[in-house]
Amino acid sequence: MNTPINRRQLFAGAGVGLTALASASVSRVALAGLPEAVQHTSADTSAPWLPSGVTGAGRPYQPVVTLNGWTLPWRMNNGVKEFHLVAEPVVREVAPGFLVNMWGYNGQSPGPTIEVVEGDRVRLYVTNRLPEHTTIHWHGQRLPNGMDGVGGLNQPQIPVGKTFVYEFVARRPGTFMYHPHADEMTQMAMGMMGMWVTHPKGRHPHIAEVQRDYCFLLSAYDVEPGSMTPQVNTMLDHNIWTFNSRVFPGISPLVARLGDRVRVRVGNLTMTNHPIHIHGIEFEVTGTDGGPVPPSARWPEVTTDVAVGQMRQIEFLADEPGDWALHCHKSHHTMGAMGHGVPTMIGVDHRGLLNKLQRASPEYMLMGERGMADMGEMHMELPPNTAPMMTGTGPYGPIEMGGMFTTLKVRADQKPGDHRDPGWYTLPEGTQAREVALPAQPGTHRAAPAQPGAAHGAQVRKPQPAQGHAHH
Ligand SMILES: [Cu+2]
């Protein structure tokens, strides 16, 4: 898998703006001892990062796969794992061709996943290249009070251009998050967040060995269609609902080999809860931000609600082959921007009106009279740079989902450790829902609803689908 990690020395070879900022605010001598600030700008899912080649790499562990993200490499310095995070404006590709101005870390929103092992001493340098001060709070961690990152309460804010250092021992195994505790409303609305995984040292009675380990954050943005920068004071009415700042079909599938035990860690840093639902299998919640759940306290589920500021770690046996939907069950969270603020037109008879409207405005499009499913294949003129309301096409047509939606792809022939998309599932002969031919039943036959506008000679303007198959 391609991992276009662009390793560069801090500031060396950086853009003109960054170099100017650096020379203005941070002396090169002061930076000489810092670990490399590794940058990564692709929104593809990176292969798991294994610390091979790092001198004294410490205890081994099974790395996670960050959906449409990556893990931050570290360096070992006298037994301390040293990381360098750079808080900075980034451009995130939320879906192919849809770019959003965000704030993040090391070239991306969300920031890279931090992976360490229980008991590791960790030193994290944080350089602030934002236009305002920031901090990082290490959500869920046991640590000294002065390392908790609440600006004003536990530390002074990190001024623009300055580098602070955090240091603590990763005492508890589990899944954590990191985010600013400084102008939170703005900085989290702009995408500043990341995940942290502390692997257990050795075997843990409540932590199973798994073959696949995925993680992602839930985040939401309010980006006016056609614009590029989120509104930061939106409380609930967001229109871009994401897994790791990506929307379907831009989200990688979770891939498993038939029979694999799979762990998925989901953190929520939006302003509302998300019931995460998986088709085809049952899972158990095996951990929360508070730590692993003892097996005696678990129960089977197919949906688990991930509340604001929570992490839920789920596990299942991938023992049913196929392409299974995995999504937030709030249906407006599997919609793109155009699903929001659209009036309900179901049952509204437009037929008289349509003629008049189209005489006045030939481009007038009839939408939503029979439900919104047509939107999945309508290619209405969208403003530049947005995601359509419902999008993503499967082997049998439009999937009619956007936002917080992806698939769990279980295959018998997927190679161990291979996380690449195997393509669509080939259904075994005779195992797919199909139309049945019914004999005509006199008296029970109901006429199909008339084509809107047909009787009145109005032309219903449905833009041509991309594949070019005719509609009439
Ligand atoms: Cu949701």
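Because the model is predicted, local features need pLDDT of at least 70 and side-chain atom pairs count only at pLDDT 80 or more, while totals for chains, interfaces and linings use all residues.

**Whole chain.** Start with the cartoon: the chain has 4 helices and 26 strands (DSSP runs numbered from the N terminus, helices being H or I of at least four residues and strands E of at least two). Of its 472 residues, 42% are buried, meaning that 20 or more other C-beta atoms, placed from the backbone, lie within 10 Å of a residue's own.

**The core.** Next, select Leu85, Val126, Met177, Trp196 and Tyr214, which touch the most other members of the 80-residue largest nonpolar core. Such a core is a set of buried Ala, Val, Leu, Ile, Met, Phe, Trp, Tyr and Cys residues joined through C-beta atoms within 7 Å. Now center on Met177: leaving out residues up to four places away in sequence, its contacts (C-beta atoms, placed from the backbone, within 7 Å) include His139, Trp196, Leu269 and Met311.

**Strand β18.** Move to residues 283–288, strand β18, and show its antiparallel partners (pairing takes at least two DSSP bridges):

- β22, residues 311–317, pairs over 4 bridges, with Val285 facing Ile314.
- β20, residues 300–301, pairs over 2 bridges; look for Phe283 opposite Glu301.
- β19, residues 291–292, also pairs over 2 bridges, and Gly287 has Pro292 as its bridge partner.

Finish at the hairpin of β18 and β19, with 2 residues between the strands.

Key:
Residues are numbered from 1 along each chain as its sequence is written. A residue is buried if 20 or more other C-beta atoms lie within 10 Å of its own, exposed if 12 or fewer, and partly exposed in between; C-beta atoms are placed from the backbone. Two residues are in contact if their C-beta atoms, placed from the backbone, lie within 7 Å.
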